[in-house]
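Colleague: Hi! Could you walk me through this one?

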Amino acid sequence: TGLSAPLTSTLTISGNDECGVETALAPIYTKSPAATSLNGSPTLVGSPSTPQTGTLDLGIQAMIDALKSSAAYNLTEDTQNATYGTSTSYKTVYSNTNDPPNVNGLKLNNVTGYGLLLIDGDLVLGGGFTWYGPILVTGSVTLNGGGGGINVHGQILSGTSTLTDVTINGGNVINYNSCDIKKAFATQPLVVVNWKQNLY
């Protein structure tokens, strides 16, 4: 995973838990052998406060495949001026940018959401975007934070292996928030993982 931010952008990524429950994380994690390349002077906070690399493979495609069936919203085109879920009712939003084809990926401008945002393909976020919960993307992520910036309270997980997976423009703030992540996953239906028949 790579991260590219021009000198004119402002970027803050915090791995400190915004709700103060969980242990702080590193602000950026990159699966080896890819590397993190930071341009400009982003503000990185966490423990440690520097980008980390390792062999952990989060299997983002498999996670999206397992979660998308519970989506309350299925986005098939670029969207602006919309709200998904509420602070008391987190929802799952899903988009497959190949069905129907959306050549440059899904674009979300001035969107507010509470819950899981699952994207099969590329994601482009525009100004005024605010999300509470995790964002999982199999492709690249572009943050164009002009006009109100981009604010994420949760996590962004990008699953491609290209050199530059995340491109940053304008003002952007990404804060780890374990409470919003837990609320988002709490909306998922129960799944039977094991069962036993008792014979009397």
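Modeller: Happy to. Let's begin with Asp65, which is partly exposed at 39% relative accessibility (partly exposed lies between buried, under 20% relative accessible area, and exposed, over 50%, with a 1.4 Å probe and protein chains only). This is a predicted model, where local features need pLDDT of at least 70 and side-chain atom pairs count only at pLDDT 80 or more, while totals for chains, interfaces and linings use all residues. Residues are numbered from 1 along each chain as its sequence is written, and side-chain values use heavy atoms, leaving out hydrogens and water.

Colleague: Which residue does Asp65 form a salt bridge with?

Modeller: Lys68, with the closest N and O atoms 3.6 Å apart. A salt bridge here is a side-chain nitrogen of Lys or Arg within 4 Å of a carboxyl oxygen of Asp or Glu. Lys68 is partly exposed too, at 31%.

Colleague: How many salt bridges does the structure hold?

Modeller: There are 2. Glu22 and Lys182 also meet in one, at 2.7 Å from N to O. Glu22 sits in the loop between strand S2 (10–14) and S3, and Lys182 in helix H2, so this pair ties together parts 160 residues apart in sequence. Helices (H or I, at least four residues) and strands (E, at least two) are DSSP runs numbered from the N terminus.

Colleague: Are those two buried or partly exposed?

Modeller: Glu22 is partly exposed at 36%, and Lys182 is partly exposed at 46%.

Colleague: OK, over to H2. Which of its residues are buried?

Modeller: In H2, residues 178–186, the buried ones are Ser178, Asp180, Ile181 and Ala184. Seen down the helix axis they fall within an arc of 165°, so they line one face of H2; the arc is taken from the directions from the axis to the C-beta atoms.

Colleague: What do they pack against?

Modeller: Strands S9 (106–120), S11 (129–137), S12 (141–158) and S13 (166–176), with contact meaning heavy atoms within 4.5 Å.

Colleague: And what caps the N-terminal end of H2?

Modeller: Asn177 does, with a side-chain oxygen 3.1 Å from the backbone nitrogen of Cys179.

Colleague: Zooming out, how many helices and strands are in the chain?

Modeller: The protein chain has 2 helices and 13 strands. Buried residues make up 42% of its 200 residues. Of the contacts with a separation of 6 or more, 51% are between residues 24 or more positions apart.

Colleague: Lastly, where does Tyr29 sit?

Modeller: Tyr29 is in strand S3, residues 29–31, and is partly exposed, with a relative accessible area of 35%.

Definitions and conventions:
Polar contact = N/O pair within 3.5 Å; in protein donor to acceptor, adjacent residues only side chain to side chain.
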